Amino acid sequence: MIQLNLPPYAIKLAGNKEKPTIFDILRRKYVALTPEEWVRQHFVHFLVEHKGYPATLLANEVKLQVGDKQLRADTVLYDTSLQPRMIMEYKAPNIAIKQQVFNQITVYNMLLHVDYLVVSNGMEHFCCRMDYEHNTYTFLDDIPTYESVSNATPPASQEV
């Protein structure tokens with residue numbers, strides 16, 4: 001796998017050459033090592049080890065449903081009341097971050113209504129803070145620390 005624009009960590013690999021696996025600290029099991037999973041595991045470790053996110057408040061492969069369609073958010077951060085606060089969407093390092101990726105995470109956010117959206121391909125990382133009161137968003141210069149996310153006022157609930 002290629003070097004990412006994320007800090008290294010103590011990677012646990014298993015499986016074999018034909019079917020390699022990587023240990024997922026959130027799911028507590030080995031999962032298929034794909035380029036996207038490589039990014040996910042590095043990003044989760046970055047959040048936990050460098051940004052202070054509690055692993056107990058993060059979940060990978062969160063199932064969502066829109067009508068009859070089953071979706072999966074790559075990673076979701078919850079607050080201590082188990083309300084979603086941030087959605088992370090990952091792509092393989094060779095996949096450019098384009099509008100289509102933002103459209104995908106926006107669909108997830110229509111269901112979860114979080115205050116932060118993060119997109120990463122391991123090389124580039126984008127984070128935006130939602131402002132539902134003004135129907136806008138602001139791109140941040142960096143991925144926020146858990147302390148700043150947990151101290152931020154949650155977004156007001158949407159009117160239906």
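A: Begin with handedness. A crossover is right-handed if, with the strands pointing away from the viewer, the path from the first strand over the helix to the second runs clockwise. Helices (H or I, at least four residues) and strands (E, at least two) are DSSP runs, numbered from the N terminus. In this structure, strand 6, helix 2 and strand 7 form a right-handed β-α-β unit.

Q: What kind of model is this, and how are residues numbered?
A: The model is predicted, with local features needing pLDDT of at least 70 and side-chain atom pairs counting only at pLDDT 80 or more, while totals for chains, interfaces and linings use all residues. Residues are numbered from 1 along each chain as its sequence is written, and side-chain values use heavy atoms, leaving out hydrogens and water.

Q: How do strands make a sheet, and what is the order of the strands here?
A: Strands of a sheet pair through backbone hydrogen bonds, either parallel or antiparallel. Two strands count as paired if DSSP finds at least two bridges between them. Here 6 strands form an open sheet in the order 4-5-6-7-8-9, with mixed pairing. Strand 4 (58–66) and strand 9 (136–139) are at the edges. Each has a single partner strand, so one side of each lacks a neighbour in the sheet.

Q: Do strand 6 and strand 7 run parallel or antiparallel?
A: Strand 6 (residues 84–90) and strand 7 (residues 116–120) run parallel, joined by 5 bridges. Look along that pairing. Met88 stands opposite Val118 of strand 7. Tyr90 has Ser120, in strand 7, as its bridge partner.

Q: In which sense do strand 5 and strand 6 pair?
A: Their pairing is antiparallel, over 4 bridges. Leu77 has Met86, in strand 6, as its bridge partner. Strand 5 and strand 6 form a hairpin with 5 residues between them.

Q: Are Leu82 and Arg28 buried or exposed?
A: Buried means under 20% relative accessible area, exposed over 50%, and partly exposed in between (1.4 Å probe, protein chains only). Leu82 is exposed at 57%. Arg28 is exposed too, at 66%.

Q: How many residues of strand 6 are buried?
A: Strand 6 is mostly covered, with 7 of its 7 residues buried. Gln41 is buried, at 0% relative accessible area. Leaving out residues up to four places away in sequence, Gln41 touches several others, including Tyr9, Phe23 and Asn60.

Q: What does Asp74 touch?
A: Asp74 lies in strand 5 and is buried, at 4% relative accessibility. Not counting residues up to four places away in sequence, Asp74 touches Glu36, Arg40, Ala59, Asn60, Glu61, Met88, Glu89 and Tyr90. Asp74 and Glu37 are 37 residues apart in sequence, yet 9.4 Å apart in space, C-alpha to C-alpha.

Q: How many disulfides are there?
A: A disulfide is a pair of cysteine sulfur atoms within 2.5 Å. A search of the whole structure finds 0. Cys127 is in no disulfide, and its nearest cysteine sulfur, that of Cys128, is 6.4 Å away. Cys127 is buried, at 2% relative accessible area. Cys128 is buried as well, at 6%.

Note on methods. Contact = heavy atoms within 4.5 Å.
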